[in-house]
Structure formats: C-alpha cells, structure tokens
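The following paragraphs guide the reader through a structure, beginning with a term that the later description requires. The reader may wish to keep the sequence and the model in view throughout.

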Amino acid sequence: MKLTAKLWIGIAVLIVLSPLGLLLPEHFKAGSAWGEWGAGQMQQLVGYIPKGLAKLSSLWQAPIPDYAFKGWEEKGLPALSFAYIISAAIGILIVVLLVLIIGKVLSRKGD
Amino acid sequence: MHIPDGYLGPATCGFFYVVMLPVWTAASRIVKKTLKARQVPMLAIGAAFSFVIMMFNLPIPGGSTGHAVGGVLVAILLGPWAACIAITVALVIQALLFGDGGITAIGANCFNMAFVLPFVGYYVYRAISYNALKDSNRRVAAAFIAGYIGINVAAFLAGVEFGIQPLLHHTSGGQALYCPYGLNAAVPAMSVEHLLLFGWVEALVTALVVKYLQKQSPELLREGEVS
C-alpha cells in the first residue's frame, strides 16, 4: 500500500477516536481550556463579565459551535460523541479540499 | 490555546493580523518556489492531522484541558512555511465553522500555532538532527525535543497575549475590558500546563510519527529540509 493511503487511514482512525477528546475531560472532571471560558463562567471566575468580552464573545455564531450540533447540548455523551465525529469529518473534508486547491495553485508542476 | 473572541482587545487583534499578513504572503511565495506537486497530498494530510489532533482534548484532572497541535511534525516533513499554510487553514476552519478560536483572534492564534510553533520546532529539529542519518535515533530524539519546545514557546506567547490585556484595556474603576488575568496569572497558567502535560503529548506525537516514517519512507525526512 502506498504511504499516503496508510496515512489517510491513520487520519480516518483519528476521526473515529476523536470523541476521546470529549470523553476524557468529562471523565476527569476537567473544565474548558484556560482562557476559553464562556461569559457565564467568567462571571463565576472573576465576579463580573468584562464589557469588551461581553460584546465580542457573541460576535460570531459558528454553524457547529464546539463541534456539537445546535440543540443537541442536552442529548448526552453518545450523541455528542457522534456529533464530534461528524464535525471532525466535515472539518477535515473542508480543510483537505482547501489545502489541495492552495497546493495546486502554489506547487511546482512536473516534479 | 485557541484564544476566543473577546479575550484580546482590538489593538492586540489588529497587531497580530498585521504581523501575519506578510508572513502569509512570504509563506505563499516560498511554498510556490519549493513545494513539489507530488508533495501536495502530504500537505493536505498534514493539515488534516493538525486539525484532528487539536480535537483530542486532554484533561488535567479537576482542572483545564489542552491538546497537541501537530504543527512541529508538519514542519519537519514539509518545511516551516508549508506547515504555516497547512495549520492556518486548519485554524481558520476551526474558528469559522466550529467557533474554536475567535475570528478576531485568528491573527494571534495563527501567530502562535501556525508561525511560531512550526518555526521554533523546525529549527530545533534541524539543529539537533544536523548531519544525522535518515534512520538515526537522533532524529527521533530531535523530533521529541522540537515538539516539546515548539508548543511551549507558543503557549508562553499565548499567555503573554492574554496577560497584557488588563494593562492595555480597563475601565476607570479598574475592571478589565477583555481578558481579566494579568501576566502574573496567564503566563504561569499557560506555561505550566504545557510544560507538565500538553508539551509531552506534542513531543510524543512528533517523535512517534517520525519513527514510523523512518521505517516507511525515510526519504520523507529529507524533503522537509528546504532551507
């Protein structure tokens, strides 16, 4: 098998295993990454929501926020894990297509 | 290390966009000269790898989470400029589609993870693996150390970017407008967790894949050495 084929299989395996990135923090009761708290959490941490943060934090509404489908927040870990895998697959599909396009434009032809 | 919207003030956000524009321009120019058409699939695999490895959040029990970036590996295999492009694409999609990292902070996040991280990692790797044979263990050790140092320098800088916010922007009453934690809190928080846990993950991932590729396709380990 060609090396690139093996590496693509490796990426596919990582996509399927990606919910570990959701389940392990949950299991060990770890919160968000440092400096990535929501506005509500910020209120608990420092007792107020910084004004600029309050304004900017809702600037962008991502279509699949935090790799979870909207409205699925209460659906439990199996559903969230499923959404995580689908998010990884969608994200990687788009990233790969973009890099292939950029690569085609930039790379030297013929060798 | 994905700084969200609202943590950095406009001055910092603007500054890093301005810093990154010439970096992205230089990256396109240099990659155009050096990237061979047959390396493009590897670049796509590198970007995909970086994207998915960043989803593997690891817990500090009872504390925060973090993850590897995979960017040092991409830099070792394809050179730091190509890595810069691959990781930028991954970070932009994470911000736009998944809200992972703010859109106002894309410049800063790319500076940390798509510029500093692969460049520092790449030159540490090159220095340690200088003149090493393709199958030598020194390359694996170099990859390990490069991964550890690359992500830790990036994490330190993220800590500085968070930490200068209370100095730059606060109300007359002393309340912060953006990130409320100063350098004395943000830098240790970002650095300690990466020095203790996430740095070792980046190191291990980088070294394991280099070890694997030494067996599978040793010539790949020379192709990244573009400059």
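Helices and strands are here runs assigned by DSSP, a helix having at least four residues and a strand at least two, and they are numbered from the N terminus. In that sense, Asn131(B) has its place in the loop between H5 and helix H6 (137-163) of chain B. The model under discussion is a predicted one.

How does the radius of gyration of chain A stand beside that of a compact globule of 111 residues? Such a globule would have a value near 13 Å, whereas chain A has 19 Å. The C-alpha trace of chain A spans about 60 × 30 × 25 Å along its principal axes. Of the 111 residues in chain A, 32% are buried. Where contacts in chain A join residues at least 6 apart in sequence, 50% of them link residues at least 24 apart.

The account now turns to the contact between the two chains. Chain A contributes 55 residues to this contact, and chain B contributes 65 residues. On the side of chain B that touches chain A, at least two residues each are supplied by several elements, including helix H1 (10-34), helix H2 (40-53), strand E1 (58-59) and helix H8 (183-216) of chain B. H2(B) provides the largest share of that side, namely 11 residues. By class, the residues of the side of chain B that touches chain A comprise 41 nonpolar, 20 polar and 4 charged.

One pair of helices across this contact may be followed in detail. The axes of helix H1 (residues 3-17) of chain A and H2(B) come within 10 Å and cross at roughly 15 degrees. Because angles under 35 degrees count as roughly parallel, H1(A) is roughly parallel to H2(B). The crossing in which H1(A) passes H2(B) is left-handed. Which residues meet there, in H1(A) and in H2(B)? From H1(A) come Thr4(A), Leu7(A), Trp8(A), Ile11(A), Leu14(A) and Ile15(A), and they meet Pro41(B), Met42(B), Ile45(B), Ala48(B), Phe49(B) and Val52(B) in H2(B). The contact of these two helices has 11 nonpolar residues, 1 polar residue and no charged residues.

Within chain B, Gly107(B) belongs to helix H5 (residues 106-128). Is Gly107(B) buried or exposed? Gly107(B) counts as buried because it has 23 C-beta neighbours inside 10 Å. Apart from its neighbours within four places in sequence, Gly107(B) is in contact with Cys13(B), Phe16(B), Tyr17(B), Val19(B) and Met20(B). Gly107(B) and Gly174(B) are 67 residues apart along the chain, and their C-alpha atoms are separated by 27 Å.

Two loop residues complete the account. Asp66(A) lies in the loop between helix H4 (51-56) and helix H5 (77-106) of chain A. Its phi is near 55 degrees, which is a positive value in a residue other than glycine. Asp66(A) is partly exposed, since 17 other C-beta atoms lie within 10 Å. Asn131(B) counts as exposed because it has 6 C-beta neighbours inside 10 Å.

Notes:
Residues are numbered from 1 along each chain as its sequence is written. Chains are lettered from A and ligands numbered from 1 in the order in which they are written. This is a predicted model: local features need pLDDT of at least 70, side-chain atom pairs count only at pLDDT 80 or more; totals for chains, interfaces and linings use all residues. The radius of gyration is taken over C-alpha atoms; the globule rule is 2.2 Å times the number of residues to the power 0.38. A residue is buried if 20 or more other C-beta atoms lie within 10 Å of its own, exposed if 12 or fewer, and partly exposed in between; C-beta atoms are placed from the backbone. Two residues are in contact if their C-beta atoms, placed from the backbone, lie within 7 Å. Ala, Val, Leu, Ile, Met, Phe, Trp, Tyr, Cys and Pro count as nonpolar, Asp, Glu, Lys and Arg as charged, and the others, Gly among them, as polar. Axes are lines fitted to C-alpha atoms, for helices over the stretch in contact, and angles run from 0 to 180 degrees between N-to-C directions. Angles under 35 degrees count as roughly parallel, over 145 as roughly antiparallel, 65 to 115 as roughly perpendicular and the rest as oblique. A crossing is left-handed if the near helix is turned anticlockwise from the far one by less than a right angle, and right-handed if clockwise.
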